Amino acid sequence: MKVIVPVKRVPDTAGEKKMDPNDRTLDRDAGEAVLCPVNEFAIEEAVRLKEQQGAEVTVLLVGPENAQPIVRKALSYGLDAAIQVTDDAISGSDALGTARVIAKALEGQEFDLVIFGNQSTDARTCLVPAAVAELLNLPSLTYARHLEVDGDKVVAHREHEEGWDVVETTLPAIVSVVEAINEPRYPSFKGIMAAKSKPLTVSSLADLGVDPEQVGSNAATATMYEFAERPPKEAGTVVEDDGSGAAAAALADWMAEKKFV
Ligand SMILES: Cc1cc2nc3c(=O)[nH]c(=O)nc-3n(C[C@H](O)[C@H](O)[C@H](O)COP(=O)(O)OP(=O)(O)OC[C@H]3O[C@@H](n4cnc5c(N)ncnc54)[C@H](O)[C@@H]3O)c2cc1C
């Protein structure tokens, strides 16, 4: 079985984000970049398929040239190979543009299952997995909190607000997983060392046959018109309990004013 895990380089979730006032996009080089934490759950699921069913796992990243440490980080979990798609023309792509590049990269590969994270921690559109499935005309099972691969069939427990549905389809298929699916392991020292020499294929848009006009900021169907800095934190309101019940009333008034009740 061949599995591909698309992963994204994102700004450190805990770091302060900066917007570039010139093109009104996130300044992705302003802080430390990391492997999207949601993708660790997709990687863990792939590693389990490798351990249980001998799956061969490839990681796929669409991102700038300097994203290579993130590719190696993904490989350090014990994955077999990596593909990095990098091209200046991809910069400024919206979710559809990104999905077009990922779909073309997948088209050139043999795979049974593609395991996405359900979202990224920076843009969080949750659009890419379904868009890729649509572009490749493949079945997609998104928001999986449990996955089982049995022969040519994949079963997913698909999470929604009231619980989950059990859904299944035949391979090849696209799935996306939520963070409840597993507990990702840490890479081992052996894995970190081995990641340095795992095969990495770097492709451009021309290599994949992607029309540069279909990606990048000019092709983006989403436009950022305005953004504002987050206002500084205000001091909180302290309600002291003097035992008279006035504190409870004050708290209730405060919650009503803030529309919590
Ligand atoms: C006008 C505009 C300009 C933008 N410019 C840029 C830019 O210059 N650079 C930039 O990085 N983003 C840019 N973005 C954000 C970009 O559109 C999204 O980050 C990107 O399309 C993916 O969407 P998402 O992160 O919401 O993915 P989601 O759908 O939330 O992610 C789901 C999953 O898809 C996979 N995935 C997502 N992105 C990638 C990737 N790049 N490679 C491999 N797998 C991936 C991961 O498995 C992820 O967990 C821009 C957005 C807009 C609207």
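Start by selecting β1 (2-7), β6 (56-62), α3 (95-107), β8 (113-117) and α4 (128-136), each of which supplies at least two residues of the shell around the ligand. Helices (H or I, at least four residues) and strands (E, at least two) are DSSP runs, numbered from the N terminus. This is a predicted model, in which local features need pLDDT of at least 70 and side-chain atom pairs count only at pLDDT 80 or more, while totals for chains, interfaces and linings use all residues. Residues are numbered from 1 along each chain as its sequence is written, and side-chain values use heavy atoms, with hydrogens and water left out.

**Stop 1: the ligand**

Now show what surrounds the ligand: 29 residues, the closest being Pro6, Lys8, Gly92, Ser120 and Thr125. A residue counts as near when one of its heavy atoms lies within 4 Å of the molecule or strand in question. Which helix gives the most to the shell around the ligand? It is α3, with three residues. Coloured by class, the shell has 13 nonpolar, eleven polar and five charged residues. Here Ala, Val, Leu, Ile, Met, Phe, Trp, Tyr, Cys and Pro count as nonpolar, Asp, Glu, Lys and Arg as charged, and the others, Gly among them, as polar.

Next, pick out some polar contacts, which are pairs of N or O atoms within 3.5 Å; within protein, one must be able to donate a hydrogen and the other to accept it, and residues adjacent in sequence count only if both atoms are side-chain atoms. At valine 7, a polar backbone atom is 3.2 Å from a nitrogen atom of the ligand. At threonine 98, a polar side-chain atom lies 2.8 Å from a ligand oxygen atom. At valine 128, a backbone N or O atom is 2.9 Å from an oxygen atom of the ligand. On its own the ligand has 950 Å² of accessible area, and the protein covers 86% of that. Accessible areas come from the Shrake-Rupley method with a 1.4 Å probe; for residues, only the protein chains shown count as cover.

**Stop 2: α4**

Select α4 and find Val128, Pro129, Ala131, Val132, Ala133 and Leu136, which are buried. Buried means under 20% relative accessible area, exposed over 50%, and partly exposed in between (1.4 Å probe, protein chains only). The cover over these buried residues includes α3, β8, β9 (140-150) and β12 (173-177). After α4 comes asparagine 137, with a positive phi near 55°.

**Stop 3: arginine 124**

Step back to the loop between β8 and α4, where arginine 124 sits. Its phi is positive too, near 55°, and arginine 124 is partly exposed, with a relative accessible area of 43%.

**Stop 4**

Show β10 together with β11 (163-170): the two strands run antiparallel and are joined by eight bridges. Strands pair if DSSP finds at least two bridges between them.

Within β10, click on histidine 157, which stands opposite valine 166 in β11. Is histidine 157 buried or exposed? It counts as buried because its relative accessibility is 19%. Contact means heavy atoms within 4.5 Å, and the partners of histidine 157 beyond four places in sequence include Tyr143 and Trp164.

Valine 154 is also in β10, and it counts as buried because its relative accessibility is 0%.

**Last stop: proline 172**

Finish in the loop between β11 and β12, at proline 172. A cis peptide bond joins leucine 171 to proline 172, with omega about 0°. From proline 172 to valine 154 the C-alpha distance is 9.0 Å, across 18 residues of sequence.
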